[in-house]
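Subject: Structure for your review

Dear colleague,

Please find below the structure I said I would pass on, together with its sequence. My notes on what was found in it follow.

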Amino acid sequence: MIRSVIFFTWLVLSMIPCAMAIVLASIFVRGAPLYWLAVCWLANIIHAARLIGGVNWRVQGLENLPAADTNQPVILCPKHQSTWETFAMPMIMPQPLAYVFKRELLMIPLFGWAIACLDMVHIDRGRPQEAWEKVARQGRALLARGLWIIMFPEGTRTVRGSQGRYKFGPARLARATDAMLVPIAVTSGQCWPRRSFRLRPGVIDVSIGPPILPEGRDPEDLISEVEHWIEREMRRLTPDDYA
């Protein structure tokens, strides 16, 4: 508990100057410089969780990602159990990422102001049709610029050992933009539980699956394959959670 208190204190205190730097820098620059400034802070937090809380990680399946010079549009679809993967994915992935997230996060002082300056897609979940039109419009533009879109197909964090309802958003965007879907299993719930401020020492597995191409397939079929791969891999990585 003491180590967790130290870690979350560091998370908050280190966020303040970084968020202020991003907001101030956004007056003069946009795009990549702000993104990499944010990634520096995210990497700092992930390494702090390792050094202070004993939260390590290992990644497999990086070879399933397309090479950066191919200009292949990509939509990442990770399992979502905790805040850990939200912070870690930009550090793990070789390309800049653009998150699709609920607009309520923009209301968080400093943190929300900072992410509002980045190339992200914030949506109003209460207006699904309007949200989809925004995702399609901005997603297409961001993919064309070489960014990879990251969408959590379950929509929100799930309890360790559980399975949420997989939504069609990532598959619909893949069909609209000819982007490949990349399913990702993440076992973060065992070290950084959902809605918990207590870290647990251990190893988080990140398993990147083979890409799923959208051509000639409907969204229901695509998201079903994403769900099947992720949930099967989660049960392989943490069988006790699903016993």
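**Salt bridges**

Glutamate 231 and lysine 79 form a salt bridge, in which the closest N and O atoms are 2.8 Å apart. This pair links distant parts of the chain: glutamate 231 belongs to helix α7 (residues 219-237), whereas lysine 79 is in the loop between β2 (74-78) and α3, 152 residues apart. Both glutamate 231 and lysine 79 are buried. Please bear in mind throughout that this is a predicted model.

Glutamate 231 has a further partner in arginine 235, and in this salt bridge the closest N and O atoms are 2.9 Å apart. Arginine 235 and glutamate 231 are both in helix α7, four residues apart, which is about one turn of the helix. The two residues can be set side by side in terms of accessibility. Arginine 235 has a relative accessible area of 34% and is therefore partly exposed, while glutamate 231, at 5% relative accessibility, counts as buried. Through salt bridges that share partners, Lys79, Glu154, Glu231 and Arg235 are joined into one network.

A separate pair is formed by arginine 103 and aspartate 124, whose side chains meet in a salt bridge at 3.2 Å, N to O. With a relative accessible area of 41%, arginine 103 is partly exposed; aspartate 124, with 16%, is buried. In the whole structure, the search finds twelve salt bridges.

**Helix packing**

Two packed helices are described by the angle between their axes and the distance between the axes. I give both values for two pairs of helices.

Helix α2 (residues 32-53) packs with helix α3 (residues 83-92) at an angle of about 120°, and their axes are 8 Å apart. This angle makes α2 oblique to α3. The crossing of these two helices, α2 and α3, is left-handed. On the α2 side, the residues that meet α3 are Tyr35, Val39, Trp41, Leu42, Ala43, Ile45, Ile46 and His47. Their counterparts in α3 are Trp84, Phe87, Ala88, Pro90 and Met91. By class, the contact of α2 with α3 has twelve nonpolar residues, one polar residue and no charged residues.

For helix α6 (residues 169-177) and α7, the axes come within 8 Å and cross at roughly 125°. The helices α6 and α7 are therefore oblique to each other, and their crossing is right-handed. Pro170, Ala171, Arg172 and Arg175 of α6 make the contact with Pro219, Leu222 and Ile223 of α7. Divided by class, the residues of the contact of α6 with α7 are five nonpolar, no polar and two charged.

Threonine 177 is placed in helix α6. Its relative accessible area is 14%, so threonine 177 is buried. Leaving aside residues up to four places away in sequence, threonine 177 touches Pro73, Ile75, Arg140 and Leu143.

Aspartate 178 lies in the loop between α6 and β6 (180-186). At 52% relative accessibility, aspartate 178 counts as exposed. The phi of aspartate 178 is near 60°, a positive value in a residue other than glycine.

**Further points in the loops**

As a reminder of the background, most residues other than glycine have a negative phi.

Threonine 156 is in the loop between β5 (148-150) and α6. With a relative accessible area of 39%, threonine 156 is partly exposed. Threonine 156 and glutamine 81 are 75 residues apart along the chain, and their C-alpha atoms are separated by 8.2 Å.

With kind regards

Note on methods: Residues numbered from 1 in each chain as written. Predicted model: local features only at pLDDT ≥ 70, side-chain atom pairs only at ≥ 80, totals over all residues. Heavy atoms only, no water. Axes fitted to C-alpha atoms, helices over the stretch in contact; angles between N-to-C directions. Parallel < 35°, antiparallel > 145°, perpendicular 65-115°, else oblique. Left-handed = near helix turned anticlockwise from the far one by under 90°. Contact = heavy atoms within 4.5 Å. Nonpolar A, V, L, I, M, F, W, Y, C, P; charged D, E, K, R; others polar. Salt bridge = Lys/Arg side-chain N within 4 Å of Asp/Glu carboxyl O. Buried < 20%, exposed > 50% of the residue type's maximum accessible area, 1.4 Å probe, protein only.
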